[in-house]
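Trainee: Could you take me through how the helices and strands of this model are arranged, one point at a time?

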Amino acid sequence: MDDEAFAFGSFRLIPAQRMLLEDGKPLRLGSRALDILVTLVESAGETIRKDQLMARAWPDTVVEENALRVHVAALRKALGDGQAGKRYIANIPGRGYIFIAPVTREQRQLAIAPTNGAAVLGNLPAPLTRIVGRDDIIPALAAQLALRRFLTIVGPGGIGKTTVAVAVAERVSASYDDGVWFVGLASLPDPDLVTSALGTVLGISLPGANPISGLAGWLRDKRALIVLDSC
């Protein structure tokens, strides 16, 4: 797929595929941290207010400013911000954040290569914190997933459903030759966009007339696990 990419340092950011590459290799990054990065990089050199970043990362949820600080800290750690003199994100006290590294816009062709068994394809976000108190439920759900093609995790907001889902997906990832893919749906304003969101993450072009049929046709002979977050 031909997508606009943003290059900075050793990184390439492809927003349409929700992918960050470091030296050509996918870098695991949480979906909200990725939303924050895309917002900053697309407006590199400009100060982005904290409320704008929170609205982008949590479009339908009211969160404390501390949540933004946690994800920015995780983003800085993933980028190696501050190491060996590298600087990417600066905090403007009382205002917001600014992406300060030089950014180059480019058009590049990115294809998802087939797996050869040496590595598992996918884009699972890296956990921000250590998982506590889920020692029983994660292996139990992994066992259920081996028996069922569809599994739903439900519960009140904030109890860690996404954390558990990602941990289960990582635990079983070796069983899926065609990858384990994380699709964040919280930011979609319309349910009709779910299919295109799936296509974007998988890196496939879907027909406009019947995208669901096209998606099903592409997946039919694949063995892949798809995690739909905020479904």
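Trainee: At what angle do helix 1 and helix 2 pack, and how far apart are their axes?

Mentor: This is a predicted model, in which local features need pLDDT of at least 70 and side-chain atom pairs count only at pLDDT 80 or more, while totals for chains, interfaces and linings use all residues. Residues are numbered from 1 along each chain as its sequence is written, and side-chain values use heavy atoms, with hydrogens and water left out. Helices (H or I, at least four residues) and strands (E, at least two) are DSSP runs numbered from the N terminus, and axes are lines fitted to C-alpha atoms, for helices over the stretch in contact, with angles from 0 to 180 degrees between N-to-C directions. On that basis helix 1 (residues 31-42) packs against helix 2 at an angle of about 130°, and their axes are 9 Å apart.

Trainee: Are helix 1 and helix 2 parallel or oblique to each other?

Mentor: Angles under 35 degrees count as roughly parallel, over 145 as roughly antiparallel, 65 to 115 as roughly perpendicular and the rest as oblique. The angle here is about 130°, and helix 1 and helix 2 are therefore oblique.

Trainee: Which residues of helix 2 make the contact with helix 1?

Mentor: Contact means heavy atoms within 4.5 Å. Helix 1 contributes Arg32, Asp35, Ile36, Val38, Thr39, Leu40 and Glu42. On the side of helix 2, the residues are Leu53, Arg56 and Ala57.

Trainee: Which residue does Arg18 meet in a salt bridge?

Mentor: A salt bridge is a side-chain nitrogen of Lys or Arg within 4 Å of a carboxyl oxygen of Asp or Glu, and the whole structure holds eight of them. For Arg18 the N to O distance is 2.9 Å, and the partner is Asp35.

Trainee: How many residues apart in sequence are the parts that this pair ties together?

Mentor: Arg18 lies in the loop between strand 2 (11-14) and strand 3 (19-22), whereas Asp35 belongs to helix 1, so the pair ties together parts that are 17 residues apart in sequence.

Trainee: What is the strand order of the open sheet of three strands?

Mentor: Two strands pair if DSSP finds at least two bridges between them. Strand 5 and strand 7 pair in the antiparallel sense over three bridges, while four bridges join strand 6 to strand 7 (residues 96-99), again antiparallel. The order is accordingly given as 5-7-6.

Trainee: Which residue of strand 7 is the bridge partner of Asn91?

Mentor: Within the antiparallel pairing of strand 6 and strand 7, Ile89 stands opposite Phe99. For Asn91, the partner is Tyr97.

Trainee: Which residue takes a positive phi in the hairpin of strand 6 and strand 7?

Mentor: This hairpin has three residues between the strands. The phi in question is near 80°, and the residue is Gly94.

Trainee: At what angle does helix 3 run to strand 6?

Mentor: Helix 3 (residues 65-79) lies across strand 6 and strand 7. Its direction relative to strand 6 is about 150°.

Trainee: How far apart are the axes of helix 6 and helix 7?

Mentor: Thr195, Leu198 and Leu202 in helix 6 meet Pro211, Ile212, Leu215, Trp218 and Leu219 in helix 7. Helix 6 (residues 194-202) and helix 7 (residues 211-219) pack at about 35°, and the distance between their axes is 10 Å.
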